[in-house]
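Good morning, everyone. Please look at the next slide, and then we will walk through it together.

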Amino acid sequence: MLAKARDTASAYWDEVDKARRGLELLRTDTEVQRAFRLTNRTFAQSVGISHESWRPFQAGFLLTALPSLAAHDADEVAVLRFATGGGKTETYIGLLVTAAFLDRMTGKLWGTTGWARFPLRMLSLQQ
């Protein structure tokens with residue numbers, strides 16, 4: 001049981017470190033900062049979305065993903081799991097839009113930016 005607790009604590013601190021690196025990127029990398037600002041502006045101006053701010057888990061998820069986006073690191077996959085109505089769709093779309101802006105700013109002209117899988121038929125129809 002102690003080994004499991006240590007593993008869980010280690011995973012927690014790894015996530016905290018990723019979030020810190022993401023926050024530092026927003027402070028220091030002008031392209032990442034601009035892509036994230038454009039994403040926020042896009043959300044604010046979108047019809048049918050009443051998005052004014054990120055929920056804490058959304059901000060955390062986005063921050064932990066930014067280092068991989070900035071490094072164009074396709075070796076890591078993140079799974080977003082949260083209660084129904086919790087904001088998962090906003091979060092993954094926010095990440096995808098940020099990645100698309102960042103791709104364009106860094107000169108990417110072709111290829112895959114993101115991949116989404118919907119396990120439930122009704123959810124796929126709603127999206």
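**A walk through the helices**

From the N terminus on, the elements run α-α-α-α-α. That makes five helices and zero strands. Helices here are DSSP runs of H or I with at least four residues, strands are runs of E with at least two, and both are numbered from the N terminus.

A word on the source. This is a predicted model, where local features need pLDDT of at least 70, side-chain atom pairs count only at pLDDT 80 or more, and totals for chains, interfaces and linings use all residues. Residues are numbered from 1 along each chain as its sequence is written, and side-chain values use heavy atoms, with hydrogens and water left out.

Now the protein as a whole. Of its 127 residues, 27% are buried. Buried means under 20% relative accessible area, exposed means over 50%, and partly exposed lies in between, with a 1.4 Å probe and protein chains only. Take the contacts with a separation of 6 or more: residues 24 or more positions apart account for 71% of them. Contact means heavy atoms within 4.5 Å.

Next, helix H1, residues 2–28. How far apart are its end C-alpha atoms? They are 39 Å apart, which agrees with the 39 Å that its 27 residues should span at 1.5 Å a residue. The expected span is 1.5 Å times one less than the number of residues.

Which residues of H1 are buried? They are Val16, Lys18, Ala19, Gly22, Leu25 and Leu26. These buried residues pack against helix H2 (30–45) and helix H3 (56–70).

Stay with Gly22, in helix H1. Its relative accessibility is 0%, so Gly22 counts as buried. What does Gly22 touch, leaving aside neighbours within four places in sequence? The answer is Leu63, Leu66 and Pro67. Gly22 and Leu66 are 44 residues apart along the chain, yet their C-alpha atoms are separated by 5.0 Å.

Last, H2 and helix H4 (residues 88–105). Their axes come within 8 Å and cross at roughly 130 degrees. On the H2 side, the contact includes Phe36, Leu38 and Phe43, and on the H4 side, Ile93, Val97 and Phe101 are among the partners. Axes are lines fitted to C-alpha atoms, for helices over the stretch in contact, and angles run from 0 to 180 degrees between N-to-C directions. H2 and H4 are therefore oblique to each other. Angles under 35 degrees count as roughly parallel, over 145 as roughly antiparallel, 65 to 115 as roughly perpendicular, and the rest as oblique.
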